[in-house]
Amino acid sequence: MRITRLELKAFGPFTDRVLTFAAKDPGLHILFGANEAGKSSSLRALKALLFGFPERTPDNFLHASDQLLVSGCLQAEDGRELAFMRRKKRKADLLDLSGNALDPSILASFLNNIDPGLFAALYGIDHEALIRGGEDILAQKGEVGQALFAAGAGISSLQKILSSLDDEADSLFRARGTKQEINVALARHRDLHKELKATSLSSREWRELQTARDDLEQTLLQVEAERNLKDRTRRQKERLRHAMPYLGQRRTLKTQIDGLGQFFLAPEDVYTRWQGLDQEARAMRTQLERAGLRLTELEALASALPAQQPVLGEAEAIEDLLQKLGAFRKGMQDRLGLEGQRNSLRAEAALLLGQVRPDLALAEVDLLRPVLAKRRVIQQMAGQYEALQQRMSMAGQQGLEAKQQQKTLDEARRGCLIDLHRLSLWQGELSRAVMLPLPLPETVRGFVSAWEELLEQGRAVKQERDEIQKGREEAFAALQKIVSSGEVPTETELFSVRERRDQGWRLLRRQWLEHADVAVEARAYDPGLDLPDAYEKSVGHADVVADRLRRDADRVALFAARQADLERLDNTLGKVEGKAGEQEQAMDKLLGQWQALWQPCGIEPLSPKEMLYWQNSFEQLRFRIDELHRKEREVQAKENRAAEELSAAEEALGQWQRQWHIALTGLGLDREILPIEVPDLLDTLESCFSKIKEAEDLRMRIEGIDRDAAQLADAVQAMLVRVGLDGLAGQPLDQSLIMLQGLLTRARQDRTLQERYDKEEKDLRQEIRLAEATLGRLNDRMNSLLAQAQCAFPEELAETVAKGKELRGMQERLRETEETLARIGEGTSITELERVAEAVDNDALPGEIDSLAREIKEELDPGIKRLSQKIGEHSAELQRMDGSAKAARIAEALAQVLARIRRLSEQYVRLKLAAKILREEIEHYRAVHQDPILQLASGFFSQLTLGSLTELRTDVDDQGQPILVGVRPDRARVTVAGMSSGTRDQLYLSLRLATLAWRLRTNEPLPFIVDDILINFDDDRSRATLKVLADLAASNQVLLFTHHRQIVNEARAIEGLGSVHIYEL
Amino acid sequence: MPRFLHAADIHLDSPLKGLEAYEDAPLGAIRGATRRAFDNLIDKAIEEEVCFLLLAGDLFDGDWKDYNTGLFFMDRMSRLRKHNIPVFIVSGNHDAASQITKAMPLPDNVTVFSTRQPETVRLDALGVAIHGQGYALRTENSNLAARFPLADPRYFNIGLLHTSLNGRPGHEPYAPCSFEDLRARGYDYWALGHVHQREIVAETPWVVFPGNLQGRCIRETGAKGASLVTFDEGRVREVEHCELDVLRWALVQTDLSDCAGAESVFARVRQAIGRRIDAAGDRPLALRLILGGACPIHNELHASTRKWNEELRGLAMGLGEVWVEKILFRTRPCLALDDIVGQDTPLAGLLRAMEGLALDRGRFLELLPEVETLQSRLPPELFMEDEPFLPEAPEFWEGLRQEVQELLIAKLLQHGDGS
């Protein structure tokens, strides 16, 4: 199969790009594309066409994925053709050229039903694969089986596959290893197994422990009971020993209480309470005394105060006046400043007025107010003035510009005239040139081609004539040559001599047989000889001619042929001459038509071709003239507009000036005022008015201050009269007011004192009343206390109370003693204690107690402790056996490790088996294919290395393995390790090509797709490789994709068995 | 209406098999699975306020020695005692071999039936008579059911027995008997144990294998639990299956037909596993992924199964608490193998050699004697399991041959110059 067309309808950077691989043979087709030009895209497109688009494509940046489309045409060896398209779709991606779904099996039959992966492996090679292949050969140490197998299957890294199988198996298990995954898992399994054994609790262990603990608990109960009994006895005795002293003390106290006898037991606190009341009564009496003294004092003070004064009634009015005094003083202060400001403002106003109208006094200034009222109008007009000025100057400017442009156009016009003159053939006004009715360019072009055709005819006729002439001359020369080598007899000549002979015979016969007189005729026949001689001579002559004719038959024929040639040529020449005549006539006719065409323009035309150029130039010139006329019209219009605008502006300015004059009359100035002056003038005037206004405001404020001062003075005067200080009239205002203030303050102080005395007196009287009542009540209570203690006098009371206190103390101690006994007895009653105590030997008691305590402490308690500890230990042990899932967890871990061991072991087995089978098959393949393929490869290798290595052979390495070696021209052997990496790449390529060639013998060819494998080859080997590929191309199509221009250049010079074609993308 | 629970084959503390720990695997999900499932059973009994609980044998694995398992069992029995739920137990083949069962002092709510002859317990308050007999030996080959007493017509009669009935695949044929033997006793309900697959053998009378309580390996897929039986007036009213397992096993067949890229493979697997996750409720899943179908990605899968294992496990974990037990690559190439290897290529030769390889254990060890070293080091459990390592079975060797063939073809094609 071969690919005859690849169409990148929408793919990568391409749109509708067509590559046609047309050649008689399969051919070497080199697709060149610089970087980014789409070399890789086109390679991918080819793969997509043949085997479909990959799920993800980098070629959808210009056309969307669902728009991607490639198409192509394949041709099978038997001549069948298949044109089809492929789009990017999961299903039905294959279409025929009309867009109908195409059965993939049809395409598959063209591709020999090959799997895409296998196609890529067997019929594709790129630079990386080449390098890998070379490296792999080195890694195999040139092992023949692997090299052949790898090249045969299109695998560039077979060694890698083999070692990956081995390495993976090795990483899983090694007999003596420790780090391999299975070894690790086995070790873990062993450890877990041990751990499980250690953790597992057997049922026997549990039962024994349980029984032992139960026994111990029983013993503990017994020992504890004994200890409790002994301890109780010890504690009883201990109690008794403690109780003995208190029992004695109790008896003593009882006796003492009985000794005190019977008496009235007054309340304990009665004396203290009486003393407290007595104290209070004394204090109360002192208080009464102090109050009486103070009362007398107050009465004296009150009588010393002066009588009430009238000034108090005016207190508010006076304070009001005092407040106003502040304002008065400030007013006086301000007045001075205000007066000064007013004067300076008026001075400034006068100055400003002077700038406008020096002739006017400040008082007359109001005359100017109307002008200020029109301020806005005046300012607006000033603004308009500027606009008018601007307008004027713009109009002038435009006029100038128009004139300038007119000059440029005049220049252009002159240029056009000069060009017209130079163009020749027609002269006249420019405006007429525009109107000139030139023939249509199409017409002229018609004449050009007719002209050319006629000229061509003429040339052809001439050439024909020349050739005929030449042929004629040659034929003539040949004739001459034949003639010059000897006379050439002709049939005509033979005929004429025979005629003469026959004529002689007829005469002779008449003379001889009929005896007629033929003398005259005989003389006429031959004047020199008599008839018989003449006849003889003619017979001889005829024989000679006939003989010569026969002898020179070849020359005669040649002569006749040349003569025929000459005649034929003459004939042809006649015809050609006729044609020449026709052509000239046609030419004359065309010339006539041609000149008639230009008649209306008054132009004597040159040849149509020249006229075509002339017309083109003339049309360009006409275009320029048109342009010139259009511009001239524009400039004229512009000039007119400028003039109109100028006059309009001037009129507007006049109008403005009249209004301006009217507006400014109010200023009363006798000179013309410029708009530019106006703002200043108006500002000055306005400032002047504003100053005057400010001065007026100040004047009014000063008057206000004076008015307030006068009112205050009147009020003060009236007040002085009211409070009876008439004598102070005429004093300055503020002094009078201060006097009033002093008077008021004093009157107020007196009144306050009077009020305070009154209050204190009232309080004192109340206090005295209360104290007297309290004193009465205290005396009553003291008397009642004495009665309570059954005493007549206070002195008796102390003694009675002291005796009661003694009795109470003894009773308290008795109670404490009994409490202590109750505590010691811990529930045993005092009576019971006394009873037991009577029966006990007091001295033996401590000894008994000690011996009991010792027994408990030294024997029973340690026993209990030991037992408890043991029980604790057993319980802890049993606690540990709590049904925990610890062992179960370990079993789970074990199960997990087992699963791991199983998986890894299975994987190990698979890998081992795979490696083994692959090695065996490699060896098998070698045994079968070594000889034929190596022979083919040897040839390629020698070519590719330019004879540096002339042959490939097998040898045997140290281990007895067959290996590949190269042979130098001097028969020296080179192992793959001794080859350069480039040479190894070429070795791999040779093996690949050999396999391809070998496969060609049995399989239909498929295109060999080569992707830039020449990158690292030097120029010579590059050429050699291209030559090898070109040779291969005679029987198998080769598509070489490259980025390198150099390769393309070299390929152009290659001459191989197959054809070479180059395509630039 | 009164109810009782019927469970069997608890295999307490028996570990889940075939789950290899890998990074991020949900270890917590499988830890103590049988214990947790057993706790679910106890909770269910208490929650449903059942009248009694029947355990039809195989409480523990026969070779399991840790007495803590027994203590755990006793603790849970005591719990039922607190709720006044009696428990009736017959021992199974595993229990007969177990040290734990023999030593276990059980609380008074638990009745263990004799192993010497059939025994009957009558619950007069409920009108229920339970007949049962346990295994004395691990291999009980006699027909125990035949010796059971005839039904007491005054009671609702239950037979409690550990048996393989007339034989069930994958189960030892212990205490063999026929359905006819059982029917002839005239009981209302036969509570059987031993067969791990739940099965209602018959409804007149009811003959029920509840299946085991918790699946423990990939052959024990699907929901596991106990049967909750409602009865009234001497008749079974309803038999309801309660799912009590804490982790579910599943075989996930995934069809990868036409898959060309990793994304589409992931999408199919995600979808297939997702369905199983939904079915399992909130339980974790342990699953075996079986990839099948003819697909363009076939070679890529087989050339690097390790990588795919990791990626698919990662994917499964992303979907929830999922433990991938194993992934079987059973996909096929899209083209016929002959077309893939081409004509007269080394690959074609390899394929012919592989196809011609008659592999069995003997031939294998002859080819690779070094594997015997590994074999001698492997733990004996690997050879005693239900799927022993390097078995004699011809299917195994055919499978291995296939796998190696796929591996080699895929590796060689993947490393071709065109890839």
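This is a predicted model: local features need pLDDT of at least 70, side-chain atom pairs count only at pLDDT 80 or more; totals for chains, interfaces and linings use all residues.

Reader: What makes the phi of A:Asn112 worth a remark?

Author: Most residues other than glycine have a negative phi. A:Asn112 is not a glycine, and yet its phi is positive, at about 55°.

Reader: Why is the peptide bond between B:Thr204 and B:Pro205 called cis?

Author: The omega of the bond that joins B:Thr204 to B:Pro205 is about -10°, and the bond is cis, whereas most peptide bonds are trans. B:Pro205 itself belongs to the loop between β9 and β10 (206–209) of chain B.

Reader: How do you know that A:Asp231 and A:Arg234 form a salt bridge?

Author: The closest N and O atoms of A:Asp231 and A:Arg234 are 2.9 Å apart, and the rule asks for a side-chain nitrogen of Lys or Arg within 4 Å of a carboxyl oxygen of Asp or Glu, so the pair qualifies. Both residues sit in helix α8 (residues 203–260) of chain A, three residues apart, which is about one turn of the helix. By this rule, 102 salt bridges are counted over all chains.

Reader: What makes B:Glu370 and A:Lys912 a salt bridge across the two chains?

Author: Their side chains come to 3.6 Å, N to O, which is within 4 Å and therefore meets the cut-off. Between chain B and chain A the count is eight salt bridges, and nine residue pairs are in polar contact there, both residues being at pLDDT 80 or more.

Reader: Why do β1 and β2 of chain B count as paired strands?

Author: Four bridges join strand β1 (residues 3–7) to strand β2 (residues 52–55) of chain B, the two running parallel; at least two bridges are required, so the strands pair. Within this pair, B:Leu5 stands opposite B:Leu53 in β2(B). The open sheet of six strands to which they belong has the order β4-β3-β2-β1-β11-β12 (chain B), with mixed pairing.

Reader: What makes β4 and β12 of chain B edge strands?

Author: Strands β4 (110–112) and β12 (235–243) of chain B each pair on one side only, and the twist in this sheet averages 20° from one strand to the next. Helix α2 (residues 33–47) of chain B lies across β1, β2, β11 (225–232) and β12, at about 170° to β1(B), while helix α3 (residues 67–82) of chain B lies across β2, β3 (87–89) and β4, at about 140° to β3(B).

Reader: How do you know that β7 and β8 of chain B pair?

Author: Strands β7 (residues 156–162) and β8 (residues 189–193) of chain B run parallel and are joined by five bridges; since at least two are needed, they pair. In β8(B), B:Trp190 is the bridge partner of B:Gly159. These strands are part of an open sheet of six, ordered β5-β6-β7-β8-β10-β9 (chain B) with mixed pairing, whose edge strands are β5 (119–123) and β9 (199–203) and whose twist averages 15° from one strand to the next.

Terms used. Residues are numbered from 1 along each chain as its sequence is written. Chains are lettered from A and ligands numbered from 1 in the order in which they are written. Side-chain values use heavy atoms; hydrogens and water are left out. A polar contact is a pair of N or O atoms within 3.5 Å; within protein, one must be able to donate a hydrogen and the other to accept it, and residues adjacent in sequence count only if both atoms are side-chain atoms. Axes are lines fitted to C-alpha atoms, for helices over the stretch in contact, and angles run from 0 to 180 degrees between N-to-C directions. Contact means heavy atoms within 4.5 Å.
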